[in-house]
Amino acid sequence: MAKDPVCGMEVDERKARFKLVKKGKKHYFCSKNCYDKFNKNKMQKKSLIKKIIKNESSKKSATNIQKTMIAISGMHCATCAQTIEKALSKAKGVVKASVNFASEKANVEFDKNEIDEKLLKEIVKKTGYNIVEEHKSGNVAEIKLKVIGMDNQHCVGTVGDALNTIKGILSKELYVNQNAFIKYNPNLTSIDKIKSIIKQAGYEPIEVTGALVDTEKIAREKEIKRLKWEVIFGFILSVPIFILSFPEWFKITLPYQSYILLILTTPVQLILAYRFYVGTYVGLRNKTANMDTLIAVGTSAAYVYSVLATFFPKTFTGGTYYDTSSIIITFILLGKYLEALTKGKASEAIRKLIGLQAKTAIVIRDGMETEIPIDELQIGDIFIVKPGGKIATDGIVAEGSSYVDESMITGESIPASKKKNDIVIGATLNKSGLLKVKATKVGSDTMLAQIIKLVEEAQGSKAPIQRLADKVSSIFVPAVILISVLSLLFWYFIAPNFFALEPSPFIFGFTVFVAVLIIACPCALGLATPTAIMVGTGKGAENGILIKNAEALETAHKLTTIVFDKTGTLTKGAPEATDVVALDSKYVENDIIKFAATAEKGSEHPLGEAIINRAKEKNIQVSKASHFEAVSGKGVAAKYKSYNILVGNDKLMQQYKIKIDEETDKKIQQLEEQGKTTVILALNKSIIGLIAIADTLKENSKEAVSELHKMSKEVVMITGDNERVAKAIAFQVGIDKVLAEVLPQDKEKEIKKLQSQGKIVAMVGDGINDAPALAAADIGIAIGAGTDIAIETGSIVLIKNDLRDVVKSIKLSSYTIKKIKQNLFWAFFYNAAGIPIAAGILYPFFGFLLNPIIAAAAMAFSSVSVVSNSLLMRGWKG
């Protein structure tokens, strides 16, 4: 008999079902439960030992860890970044390495005793990439461009490859919303050179200045106008080409018909299709192939064959295909024209925001009223806002009172009352009275400019769901070219043995070759996600919801748990002292308030403010304490004359070894069960009174929690209050779970604890003392930001103090992802079905072969359909 090493029971060695041999020693178990426990304990022990060794090692080397940022050039795609990251991570002494393809930088943490920055740079160089050495600030210039046409990941790669050919580019950040931020050495290159190389790549660069000017609209209108005339010119030539190509249909026969068709088609092929040849050249120069390659190869094949058939009709007997090349080019340009029109609407939110800006301001200078352009307005200027006029910039009301419509910025429909010393937001509308406002922010620092910046950054970011489309796009064009060539070979060499192909196997295979090249559409894949993100983030901004990146927009709908901070989030954050209880007959209520207010005078805590406000209401003279100390999460300690004053919770009393008697505890309990926070006042180590403080719940808190429950979300409240008070408030709003008595520094740990249970967590707070918890959550939602929208923590910023916007954010995320999935399905389905049909898969069964002209029409409208589906989001009401 053997003993079970876990429970100690005796086990028959011959009958034991669970046994284990470790290091030559046999172990026998009475059940699977004991067997699993033994293994788990062993694993935990090993893990613990490893952790201890790791911690000891990290302690020794913590002082040796350094961080560096290395600028890299020559990366063409996300795969390049991964290659460098892997090489750096493998190096001895590297603790952590992260390479960002968009910013072209590597962030490396390393042990300076084992490796240095020089060796790190050598590793990067060995992988085949270049290091951009730092330049003095005098040799660094920066430019922001709007690159019209750079609206998908493939185009971003093309522009990036073009810029890589310029010596002197220090760094570049390119985004699918057509923004480009480029740093360069003015001694080695120039703005004109940068613009020129982008133009050569087939895109239109427009320089963006500091003013809020809609450069995209100007450039897009220019591009739309150009495309419109190209389409008109294409149809003017394509219609007679089509008529002359089918004399048996239209009963028109002309002498030298093939030569006339050549003359009509050549301008279409060489002038209108010039953009496709430029795109192909840039791609080949950078060892990539793109959609331009497919169009250029397909139409050129049809055109060149037709030219050969015109001059050598006896050798090339299949007739001419001038109609194929010219009509394909015209249809594709028509598709691009419609796409440009629809894509312009996708970025409508930015244009609307820019359009809100006032053009002029009436300022008071030297006692005179002068109307000046908005760009000339300076901080400290006093400007006048008449009834019905726009507020020129952010400021403080210096004189007057009125109601201001802030709906265009905050989404709040009810006009806000404004009086002296109130903050006003630029671009909002003054409804009634005359206001004199002192400018506090101008130009790019204003709230409107910050909103535009946030929305632009979000629209340029990439959602994780886009990765699949990017992977497919990276191999798409070479795969299509391969399929088209294989199709041509199949129909020319193999198919004639089984089918009668008219007019000849070569012409049949040639038609398939062109159709496959033309029908394939990587653009639909590239536009599926960015267009939906653009409209989604724009709709958020319209509703006072600023989504900082595409990842946050995608993650929000997956949330399982929403954690609300109590003070200032669920409640109004303006607590009031409701009850004052004197526990010592020597003191009356006013004495309790006076001592407590004296101690709290140096405090910035909302509860301290409530006590001081009560003293003001009662006209009680508040003295200044000679000593003040804030005890985090517990209260304050102060000295006044011969009195040692303590104002705080039971934990503070415990810290100073002051006992709370049964009767006092009972009174505290009664007040806390009403949802009131009870502050204890002790004088010279003796409890003399209680002050109950209540913070009113926001009107919409209960409604927001109810809506989240309907969406099957778990709702949690986190607070520093004790459990009785917390549960009373949670009961009022209908919250499921309470995390009480959590110190500010421990909120982050509670969030991580929820995440360790497999929950996807959002933290909703004010973004100030909740910053670590907001950063730790899967989604940090900073609420009631008001004019401070540049809050660092929080992936979503809510301008209004309305909890229902948390619900709106989740609904907007869900709706956006639904549209992205629809777009991706259509883009994948279109290509998955279209390419085999163009390759002739239906011919053996139904005798159907797709005409390349129909393929061109399908391809042209596939991108338009994806963008149009995204535009349907503009009707979203939340």
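**Values against definitions**

Mentor: Lys641 has its place in the loop between S26 and S27, the labels being DSSP runs numbered from the N terminus (helices are H or I with at least four residues, strands are E with at least two). The model is predicted, with local features needing pLDDT of at least 70 and side-chain atom pairs counting only at pLDDT 80 or more, while totals for chains, interfaces and linings use all residues. Residues are numbered from 1 along each chain as its sequence is written, and side-chain values use heavy atoms, with hydrogens and water left out.

Trainee: Why is Lys641 called exposed?

Mentor: Its relative accessible area is 65%, and the scale, computed with a 1.4 Å probe on protein chains only, sets buried under 20%, exposed over 50% and partly exposed in between; Lys641 is therefore exposed.

Trainee: What makes the phi of Lys641 worth noting?

Mentor: Phi of Lys641 is near 55 degrees, a positive value in a residue other than glycine, whereas most residues other than glycine have a negative phi. Lys657, in the loop between helix H22 (650–655) and helix H23 (662–672), also has a positive phi of about 55 degrees without being a glycine, and at 75% relative accessibility it counts as exposed.

Trainee: What makes S24 and S25 edge strands?

Mentor: The open sheet of six strands has the order S24-S29-S28-S27-S26-S25, with antiparallel pairing. Strand S24 (576–582) and strand S25 (627–631) each pair on one side only, and that makes them the edges.

Trainee: Why does the span of helix H21 agree with expectation?

Mentor: The expected span is 1.5 Å times one less than the number of residues; for the twelve residues of H21 (residues 606–617) this gives 16 Å, and the end C-alpha atoms are 16 Å apart, so the two agree. The buried residues of H21, including Ile611 and Ile612, pack against S24, helix H20 (589–600), S27, strand S28 (677–683) and strand S29 (686–694).

Trainee: Where does helix H17 bend, and by how much?

Mentor: The bend at a residue is the angle between axes fitted to the seven residues ending there and the seven starting there; in H17 (residues 522–542) this angle is about 35 degrees at Ala528, and Pro530 follows within four residues. H17 is also mostly covered, with 20 of its 21 residues buried.

Trainee: How do you know which stretch calls for caution?

Mentor: pLDDT is the predictor's confidence in each residue, from 0 to 100. The protein has a mean of 82, and 86% of its residues reach 70 or more, but pLDDT stays under 50 over residues 47–61, for which the model has one contact beyond four places in sequence.

How values were computed
Contact means heavy atoms within 4.5 Å. Two strands pair if DSSP finds at least two bridges between them.
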